[in-house]
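Dear colleague,

I am passing on the structure below, followed by some notes on what was found in it. Please read them alongside the coordinates.

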Amino acid sequence: MGSNYGCLQIQPIFAKMLIIETQLKTMTKLEQALAVEEYDAKVACDVNGVDSPECAAALDAVEEVQAAISHEKQKKTKNSLERFCDDNPEAAECRLYED
């Protein structure tokens, strides 16, 4: 086990910090923002109570970031032909024919 400092074990804390740092590097900025808002909401609700205005505001912030993530996922990424046609609408490959 790790060294004891009072009742705190040092080695497991550093290992957990390393895991969290690695996870943060693979998360998008919105996912990182969500993790921060979720933590802040947990603290706000634990400290002020689940019926407090502070808790409600913190939970609203979580919902806003979740909505932003959802909207980001719904955005359709363009394929190479769509990008080409955006740049070259007059090209033969980009012509639209009516029935």
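Which residues does Cys55 touch, not counting residues up to four places away in sequence? They are Ala44, Cys45, Gly49 and Val50, where a contact means heavy atoms within 4.5 Å.

Before going further, please note that this is a predicted model, in which local features need pLDDT of at least 70 and side-chain atom pairs count only at pLDDT 80 or more, while totals for chains, interfaces and linings use all residues. Residues are numbered from 1 along each chain as its sequence is written, and side-chain values use heavy atoms, with hydrogens and water left out.

Cys55 sits in helix H3 (helices are DSSP runs of H or I, at least four residues, numbered from the N terminus), and it counts as buried because its relative accessibility is 1% (buried means under 20% relative accessible area, with a 1.4 Å probe and protein chains only). Between the C-alpha atoms of Cys55 and Lys42 there are 8.0 Å in space, although the two are 13 residues apart in sequence.

Ser52, in the loop between helix H2 (29–48) and helix H3 (53–74), is likewise buried, at 10% relative accessibility, and its side chain reaches the backbone nitrogen of Cys55 at 3.1 Å.

Leaving aside neighbours within four places in sequence, Ile69 is in contact with Leu30, Glu31 and Leu34.

Best regards

Key: Helices (H or I, at least four residues) and strands (E, at least two) are DSSP runs, numbered from the N terminus. Buried means under 20% relative accessible area, exposed over 50%, partly exposed in between (1.4 Å probe, protein chains only). A polar contact is a pair of N or O atoms within 3.5 Å; within protein, one must be able to donate a hydrogen and the other to accept it, and residues adjacent in sequence count only if both atoms are side-chain atoms.
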